[in-house]
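Please keep the model open while reading.

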Amino acid sequence: MQNNSLGKQIIRLRQKQQLSQAKLAERLFVSRQAISKWENGEAEPDLDKLVQLSQIFNVDLDYLVLNHPMHQASILTLSKIRKKYQQPILRDVSFSLHNHERVALLGSNGAGKTTLVNLIAGRIRPDSGTIQRNYQPQLEFSLMPQQNVLIGPMRVQEMIELEVSISQLKTVDVPELLKRANLWDQRNQVIGSLSGGQKRKLMFLLTVIKPAQLFIFDEPTVGMDLETIDRFWQHLDQITGATLVITHDFNQIDHYFDRVLLLREGVITADERVATIHAHNQNLDTWYRQHNQTPEVSYE
Ligand SMILES: Nc1ncnc2c1ncn2[C@@H]1O[C@H](COP(=O)(O)OP(=O)(O)OP(=O)(O)O)[C@@H](O)[C@H]1O
């Protein structure tokens, strides 16, 4: 199952294009059962079908088969970032994010993940180093911070309508949005009286309400119940922008991310593709425990 990275890739790309198994089968002149077997890892497509799949999904063959990054432009590049408070937090952080990439940023409590996010968001400045943003920070960047940014005395629906009007989103159906987010019953409730999980749901909704090139989520699922967590990951799966997520939700992250970064002692000590981790019969939980405890583990 963990090795079935091609199957998972087919599922993800098929769902991204909103193609059913039957529709994809029709386009490839194969049976729906064949698609199902490829996706479950019980069989593999022939080379000509792989080529056709890469054409249908509009991705490089390398990306389809090996989950290798496409030759994408980087959307964000951090070079030699340093940040110190009473003591050094980030000592030398460098990495790039690419278009449409889904990256998990992992690290222990206090490792500096939120500090890094605040630097990317422009809320604080690095002591040295550069951040190159290849998107318009005001228009094409969306952050779900660890601490909710909500207006307590406002009602839920009013807050969403405010965001819709600030972002000039003309085609948003607010009632429909509230229903989908499971916040319809709370629409007239004052935000200050919502539960922690409901506030997090609202915060998530406000973060994804407008399209962006880069989304960052800082511990998005904290306080959510299991059903809401499932919905959260499903919803996130439909986002097309690049996403960087700080999370400790190890039950879900194997299915969602392309790449994982580990922040430890002020530097990125591991930067790995999830498919490579799975190819070594590991899941992200075991990979993280291993790499966050013993510094000398590598696949070389
Ligand atoms: N404004 C600040 N002033 C002083 N110290 C700070 C400030 N912001 C963060 N720190 C310190 O920097 C370190 C990293 O904090 P940060 O919130 O970035 O960690 P984190 O990896 O996000 O942790 P967690 O997983 O617990 O959220 C901590 O020791 C924290 O106390």
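## Ligand shell

How many nonpolar, polar and charged residues does the shell around the ligand have? The shell has 3 nonpolar, 6 polar and 1 charged residues. Here Ala, Val, Leu, Ile, Met, Phe, Trp, Tyr, Cys and Pro count as nonpolar, Asp, Glu, Lys and Arg as charged, and the others, Gly among them, as polar.

The residues around the ligand are Tyr 85, Ile 89, Gly 107, Asn 109, Gly 110, Ala 111, Gly 112, Lys 113, Thr 114 and Thr 115. A residue is near a molecule if its C-beta atom, placed from the backbone, lies within 6 Å of it. Helix H6 (residues 113-120) gives the largest share, 3 residues. Helices (H or I, at least four residues) and strands (E, at least two) are DSSP runs, numbered from the N terminus.

## Model and numbering

This is a predicted model: local features need pLDDT of at least 70, side-chain atom pairs count only at pLDDT 80 or more, and totals for chains, interfaces and linings use all residues. Residues are numbered from 1 along each chain as its sequence is written.

## Strand S7

Strand S7 (residues 242-246) is mostly covered, with 5 of its 5 residues buried. Buried means 20 or more other C-beta atoms within 10 Å of a residue's own, exposed means 12 or fewer, and partly exposed lies in between; C-beta atoms are placed from the backbone. In a regular strand the side chains alternate between the two faces of the sheet. Ala 242, Leu 244 and Ile 246 point one way from S7. Thr 243 and Val 245 point the other way.

S7 pairs in the parallel sense with strand S3 (residues 102-106) over 4 bridges. Two strands pair if DSSP finds at least two bridges between them. Ala 104 stands opposite Val 245 in S7. Strand S6 (residues 214-218) also pairs with S7 in the parallel sense, over 5 bridges. There, Ile 216 has Leu 244 as its bridge partner. From S6 the chain crosses through helix H10 (residues 226-237) to S7, in a right-handed β-α-β crossover. Right-handed means that, with the strands pointing away from the viewer, the path from the first strand over the helix to the second runs clockwise.

## Positive phi

Most residues other than glycine have a negative phi. Phe 29 has a positive phi near 55 degrees. Its place is the loop between helix H2 (21-28) and helix H3 (32-40). Phe 29 is exposed, with 9 other C-beta atoms within 10 Å.

Asn 182 has a positive phi of about 60 degrees. Asn 182 lies in the loop between helix H8 (174-180) and helix H9 (196-208). Asn 182 is partly exposed, with 14 other C-beta atoms within 10 Å.
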